[in-house]
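Student: I'd like to go through this structure with you, one question at a time. Could you keep the cut-offs handy as we go?

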Amino acid sequence: MGPAETVDRSKDRPGDIRNREVVHSAPDPQVGNLETPINYSGFTRVLINNLPAYRRGLSPQRRGLEVGLAHGYWLVGPFFEFNPLRYSEVGSLAALFATIGLILISTLAISLYAASDPPKPVATITTPNPPAAFDSQDGWNEYASGFFMGGVGGAIVAYFILANIDVFGNFLNIVS
């Protein structure tokens, strides 16, 4: 008896480990949201529900501020490394302005989305209680203003660190 026949015969034994279901349908299978080991694991649900977009008790502006700070901070790096002025004295300043420009464009995109009367957030297996802050246009506009403030703030902090990296390096040499 070959391996294929052994696997085929295992269908008749419910206790066989190969017959355990891994993917289960959600309460409404019409939605198309399935319980998988990835999206229904405890780790994934804790991780997703602790992101600023889903964390309970935050105002829309605070959500936008946290997301904007993260994006403004990490976007300076690629602009700093890959802009055409990277080897000049104004390379880091060009990266700051490029980042602020991208944050501004992203803020405008969020505001346009808010003006389009977006649908209410949908509860899923991973996020069973989506925030009510994104139910209205005002909530999205507050989110956009927080995103812009946080994005510019994060970009300025990253610019300050990049512009003074030699000072930090000298300080670390003195300390060690």
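Student: Thanks! In which helix is Val46 found?

Tutor: Happy to start there. This is a predicted model, where local features need pLDDT of at least 70, side-chain atom pairs count only at pLDDT 80 or more, and totals for chains, interfaces and linings use all residues. Residues are numbered from 1 along each chain as its sequence is written, and side-chain values use heavy atoms, with hydrogens and water left out. Helices are DSSP runs of H or I with at least four residues, and strands are E runs of at least two, numbered from the N terminus; residues 42-49 form the helix that holds Val46, namely helix 2.

Student: Is Val46 buried or exposed?

Tutor: Buried means under 20% relative accessible area, exposed over 50%, and partly exposed in between, using a 1.4 Å probe and protein chains only. Val46 has 51% relative accessibility, so Val46 counts as exposed.

Student: How far apart in space are Val46 and Thr126, C-alpha to C-alpha?

Tutor: In sequence, 80 residues separate Val46 and Thr126. In space, their C-alpha to C-alpha distance is 8.8 Å.

Student: Is Thr127 buried or exposed?

Tutor: The relative accessible area of Thr127 is 5%. Because of that value, Thr127 is buried.

Student: With which side chain does the side chain of Thr127 make a polar contact?

Tutor: A polar contact is a pair of N or O atoms within 3.5 Å; within protein, one must be able to donate a hydrogen and the other to accept it, and residues adjacent in sequence count only if both atoms are side-chain atoms. For Thr127 the distance is 2.8 Å, and the partner is the side chain of Thr124.

Student: Leaving aside neighbours within four places in sequence, which residues is Thr127 in contact with?

Tutor: Contact means heavy atoms within 4.5 Å. With those neighbours left aside, the partners of Thr127 are Ile48, Asn49, Tyr54 and Val122.

Student: Moving to helix 3, is Ala70 exposed or only partly exposed?

Tutor: Ala70 sits in helix 3, residues 60-82. Its relative accessible area is 41%, so Ala70 is partly exposed.

Student: How many helices and strands are there in the protein chain?

Tutor: Along the sequence, the pattern reads α-β-β-α-α-α-α-α. That chain has six helices and two strands.
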